[in-house]
Amino acid sequence: MTLTWARAACSHPALSGVSRAHFGELLEELAPKWQARRESALRERRGGERRRAAGAGRKQRLVFTDRLLVTLVHLRLGLPHAALAELYRVDRSTVSGAIRELRPLLATRGFAVPGQPGLRLHTLEDLFAYTAAEGVRLRIDGTEVQVRRPRAGRPGRKAFVSGKRRQNTIKTTTFSDGQGRTLFSGVVRPGRMHDQTAVRTEGIAEQFRHHPKVEAEVDEGYRGLANEFPDQVSAPPKKPKDDAPLGEHHAWREQRRRQSSARICVEHTNAEYKQWRPLQRFMGRRETYPETHLAIAALVSDRSARRATRRKLSTELVLARQVAY
């Protein structure tokens, strides 16, 4: 198997998860950052400037293009490092080192903004400042991914046991717009922590307090947030009592349906993440999950930001013709 064949196979969108045009953009964006980081590490190891001209010394077994490709394939399909090493005819440690170098660069790229190619959101502060300026109504939802169970006797073993799934999981919070396009995804916490607790500890509630014009649609898990900010956050309406009039029950079902219809797009956003194998069931070390999640979510945001804005059809009744009486 030749290097050319391996490179052509890994660059296919079915393996890398990105189109070849998107891969070219990533190559142009990340190559200078990777080179600068590598030169900094070499300078620190040498204790000074280089003594030989550029290009001297041992040649790399994987150039930057191949390093980015094996990282994308690993993120997309979760292939073992040994399998990728066999594909490129290199040692497993070479692939492991390439992934350790490129994954942080992908994780720190930030999230693409629809219609503004030069703008990327990196923090919650960026997200709320953008939505306040553009008048975007947020959709917020949490998702969880199963992780490996820690060994017996380790401290904090029960911290990752989800009360909902009864498994060891890690939870994240996703923010999207009304079209289901990723604006931010993060706020990583153990599976035992409730969504409302994450709102308090990660500063989401504080951002709503600082940006009173920002509005959002949430599910029942964020009921406390909706109670604290009733004019900004919309949660599903509370179910009326059993002895309430039948009209109230019908009105409740209709309100719940409308609120769910406005919020369901963020569920579709979470489903886009689950197309990447590591976010279906994470088999790596839990310490690397936040970095893996951010890298994948940033790639998904690149694709979703390119989607055209769907026009929302109006349900307003319009008089078709004048009728003479």
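# Close-up views of the predicted model

**View A. Strand β4 is covered on both faces.** T169, K171, T173 and F175 are buried on one side, and I170, T172, T174 and S176 are buried on the other. Buried means under 20% relative accessible area, exposed means over 50%, and partly exposed falls in between (1.4 Å probe, protein chains only). Helices (H or I, at least four residues) and strands (E, at least two) are DSSP runs, numbered from the N terminus. β4 spans residues 169-176, and eight of its eight residues are buried, so the rest of the structure largely encloses it.

The model is predicted: local features need pLDDT of at least 70, side-chain atom pairs count only at pLDDT 80 or more, and totals for chains, interfaces and linings use all residues. Residues are numbered from 1 along each chain as its sequence is written, and side-chain values use heavy atoms, with hydrogens and water left out.

**View B. β4 pairs with β3 and with β5.** Two strands pair if DSSP finds at least two bridges between them. Strand β3 (residues 138-146) runs antiparallel to β4, and eight bridges join them. Here T143 stands opposite T172 of β4. Strand β5 (residues 182-190) also pairs with β4 in the antiparallel sense, over six bridges. In that pairing, G186 of β5 stands opposite T173. β4 and β5 make a hairpin with five residues between them. In its turn, G180 has a positive phi of about 80°.

**View C. Five strands form an open sheet.** The order is β5-β4-β3-β6-β7, and the pairing is mixed. β5 and β7 (233-234) are the edge strands, each pairing on one side only. Strand β6 (residues 216-217) pairs with β7 in the parallel sense, over two bridges. S234 in β7 is the bridge partner of E217. Strands of a sheet pair through backbone hydrogen bonds, either parallel or antiparallel.

View D. Q259 is in helix α11 (residues 246-273). It is buried, with a relative accessible area of 7%. Contact means heavy atoms within 4.5 Å.

**View E. F128 and F208 form an edge-to-face pair.** Rings of Phe, Tyr and Trp (its six-membered ring) pair if their centres lie within 6.5 Å; planes under 30 degrees apart count as stacked, over 60 as edge-to-face and the rest as tilted. By this rule there are seven aromatic pairs. In the F128 and F208 pair, the ring centres are 5.0 Å apart and the planes stand at 80°, so it is edge-to-face. The pair links distant parts of the chain: F128 is in helix α7 (residues 124-134), F208 is in helix α9 (residues 204-210), and 80 residues separate them. F128 is buried at 0% relative accessibility, and F208 is buried at 0% too. Ring pairs link F111, F128, F175, F184, F208 and F229 into a cluster.

**View F. Two arginines sit over aromatic rings.** A charge sits over a ring if NZ of Lys or CZ of Arg is within 6 Å of the ring centre and within 35 degrees of the ring normal. R76 lies over the face of W276, 5.6 Å from the ring centre. The charged end of R286 is over the ring of F160, 4.0 Å from its centre.

**View G. Helix α4 is mostly covered.** α4 (residues 64-77) has 14 residues and reaches 20 Å from its first C-alpha to its last. That is close to the 20 Å expected at 1.5 Å a residue, where the expected span is 1.5 Å times one less than the number of residues. Eleven of the 14 residues are buried, including F64, D66, R67 and L68. The cover includes α1 (3-10), α2 (13-16), α3, α5 (81-88), α6 (92-107) and α12 (289-305). Just after α4, G78 has a positive phi of about 70°.

**View H. R20 is partly exposed in helix α3.** The helix covers residues 20-46. The relative accessible area of R20 is 48%. Neighbours within four places in sequence aside, R20 contacts A8, S11, H12 and P13.
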